Amino acid sequence: MTQSQAPNPWPRRVGIGLTVLPILMLLMSASMKLSGNPEAVNGFKQMGYPDSALLKIGIVELIVTILYAVPATSVLGAILVTGYLGGAVDVHVRVGDTMGNILTPVILGVLAWAGLYLRDPRLRALLPLKR
């Protein structure tokens, strides 16, 4: 006799938990850009961006974050978040920033994909981590 077992709820719960951190960090970052926060403006100037780029990049960051947060578009959002964070890594490397500032977007990207992987069984089926 085979018994049907309910799926283990823990991967999904951990995935949701891992998803929250990148979403909150990206929303905070986008809100600082969109509000014209003086710290964000100064940081952008130090990185060589014109003031006009702040709003545009903030809008892009907000859009990709929303796409990632919505379950129906989360895979597309994760791909776009990865591209956005890759650009952030590039900028931090180009300006000679500290290793901590270079690794922060890398870590956020890893958390975004780990969270999505754990909360979406379709992605786990597509990319199994078994030997």
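Tutor: Let us begin with one term: contact means heavy atoms within 4.5 Å. Helices (H or I, at least four residues) and strands (E, at least two) are DSSP runs, numbered from the N terminus. The model is a predicted one, in which local features need pLDDT of at least 70 and side-chain atom pairs count only at pLDDT 80 or more, while totals for chains, interfaces and linings use all residues. Residues are numbered from 1 along each chain as its sequence is written, and side-chain values use heavy atoms, with hydrogens and water left out.

Student: How many helices and strands does the protein have?

Tutor: There are six helices and zero strands, and the pattern along the sequence reads α-α-α-α-α-α. Along the principal axes, the C-alpha atoms fill a box of roughly 70 × 30 × 20 Å.

Student: How is a pair of packed helices described?

Tutor: The description consists of the angle between the two axes and the distance between them. Axes are lines fitted to C-alpha atoms, for helices over the stretch in contact, and angles run from 0 to 180 degrees between N-to-C directions. Angles under 35 degrees count as roughly parallel, over 145 as roughly antiparallel, 65 to 115 as roughly perpendicular and the rest as oblique.

Student: At what angle do H1 and H5 pack?

Tutor: The angle is about 150°, and the axes lie 7 Å apart. H1 is therefore roughly antiparallel to H5. Their crossing is left-handed; that term applies if the near helix is turned anticlockwise from the far one by less than a right angle, and right-handed applies if clockwise.

Student: How does H1 pack with H3?

Tutor: H1 (residues 10-34) and H3 (residues 51-69) pack at about 155°, with axes 8 Å apart. H1 is therefore roughly antiparallel to H3, and H1 passes H3 in a left-handed crossing. Among the residues that meet are Ile23, Leu27 and Lys33 in H1, and Leu55, Glu61 and Tyr68 in H3. By class, this contact of H1 with H3 has 12 nonpolar, four polar and two charged residues.

Student: What is the angle between H4 and H5?

Tutor: H4 and H5 pack at about 170°, with their axes 8 Å apart. They are therefore roughly antiparallel to each other.

Student: How is empty space found?

Tutor: A probe the size of a water molecule is rolled over the atoms. On a 1 Å grid over the protein atoms alone, a cavity is a set of points where a 1.4 Å probe fits but cannot get out, and a pocket is an open set with protein on both sides within 12 Å along at least five of seven lines; lining residues have an atom within 4 Å of a point. Grid points are joined across faces, edges and corners, and a volume is the space filled by probe spheres set on the points. The largest pocket holds about 840 Å³. Of its 27 lining residues, Ser29, Lys33, Phe44, Met47 and His92 are the closest to its centre.

Key:
Ala, Val, Leu, Ile, Met, Phe, Trp, Tyr, Cys and Pro count as nonpolar, Asp, Glu, Lys and Arg as charged, and the others, Gly among them, as polar.
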